[in-house]
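Here are my notes on the model you sent over. Have a look at it first, then read on.

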Amino acid sequence: MAQRTTEFIVGVFMVAGFAALVFLALQVSGLTPGAASDTYTVYARFNDAGGLAVRGRVSMAGVTIGRIQTITLDQESFQAQVVMDIDASVNNIPTDSSAIIRTSGLLGEQYIDISVGADETAMQNGDAFYSTQSALNLERMISNFASGR
Amino acid sequence: MIHRIRRLGRQGIEVLRALGRSGVFLFGALWGLPRPSEGLPLLIRQLYVVGVLSLAIVIVSGLFIGMVLGLQGYTILSDYGSEDAVGQMIALTLVRELGPVVAALLFAGRAGSALTAEIGLMKATEQLSSLEMMGVDPLRRVIAPRLWAGFIAMPLLAVIFSTVGIWGGMLVGVEWLGVFEGSFWGNMQASVSFVDDVLNGVIKSIVFGFFCTWIAVFQGYDCVPTSAGISSATTKTVVYSSLAVLGLDFVLTAVMFGSF
């Protein structure tokens, strides 16, 4: 086969490979160019983080507005310290909002739901949620119910 | 008894010598690149042989594996009423595991064995030594373009495999079994991360491509220059490459996705 034809076909092959990578990036992993860096960080402390997972959803009124960055143990208060990345476009969360761990569906994954407060001032980068509500622990609930408390 | 122990020791030394030879060989081929003006046409020719000609088998297998994943995932997930999650299941299995691994196995069988047989025959018909006689380094002229072609082609093939597989899964899940298209893609996008899943899969396929091509080219270069030698070298290429891919896949998965 002529060298020119080979070069052309190899070129098409390389373009197809990169096009496939772009497809995986945009359509499959939902990467939107440029939007990844525009976030700010807020903190919340929970008595029980339950089955919360890193990269889990942070949502408000059912709309995803951010992701969970890290979950660590705060060794002074023995609480779970959860760091969240919130989209920069959502910049008016009232400071008295509360973070609640909820489960999507009956067997679904757990996520953080932000219940809106009424304060005039908005949360800034590095702020922490004042009020939080821990994961619903089915086992603990049943044992509380059984022991009549 | 002494004889057996001696033979065992000799075999061990042989294995180590082969490893050493392959290391020297790899070093010589990677650092002995020809100048771009003469090397590029050679590389493109090999990319055609190694990459483009493997495309057909990769696309067809990817399509069928994606469709089977769609069917199986749907049957299992619909028991729990969560057949919407079939998209994320297909995408994660393909991008993380099946794409790199199956593409590498196909690559070893399709391109690796051809490389070994070609170089082995060149050696058996003394083409390699006549190149050397003419003052052309066969490592540069014959081996280096094939190695680099393998390194470049493998990740591209794996990415194409995953893409076609996801499309095949969508064909079965959405078009045939009637999963809602929005939740198919939406669940997928929510759970697949570009850096953690897609890029790790690409890294895997780069590693697999490196080892598969290295094994294939070295087996050809190191074979006994007879027809029986070439046939055993070709067999070894496929067996060693498949074992290397599966073993490395476990190690890489443990490093990338295992949290310990």
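1. Ground rules. Bear in mind this is a predicted model, where local features need pLDDT of at least 70, side-chain atom pairs count only at pLDDT 80 or more, and totals for chains, interfaces and linings use all residues. Residues are numbered from 1 along each chain as its sequence is written, while chains are lettered from A and ligands numbered from 1 in the order written.

2. Overall fold. Chain B has nine helices and zero strands (DSSP runs numbered from the N terminus: H or I of at least four residues for helices, E of at least two for strands). Its C-alpha atoms fill a box of roughly 70 × 55 × 35 Å along the principal axes.

3. Burial. Of the 260 residues in chain B, 43% are buried (20 or more other C-beta atoms within 10 Å of the residue's own, with C-beta atoms placed from the backbone).

4. Chain contact. Chain B gives 24 residues and chain A gives 20, contact being C-beta atoms, placed from the backbone, within 7 Å. On chain B, α2, α4, α6, α7 and α8 each give two or more residues, and α6(B) has the largest share with six.

5. Helix α9 of chain B. The 30 residues of α9 (227-256) should span 44 Å at 1.5 Å a residue, and the end C-alpha atoms are 42 Å apart, which agrees; the expected span is 1.5 Å times one less than the number of residues. Its buried residues include Ile230(B), Val238(B) and Val245(B), and the buried residues of α9(B) pack against α4 and α8 of chain B.

Key: Buried ≥ 20, exposed ≤ 12 C-beta atoms within 10 Å, placed from the backbone. Contact = placed C-beta atoms within 7 Å.
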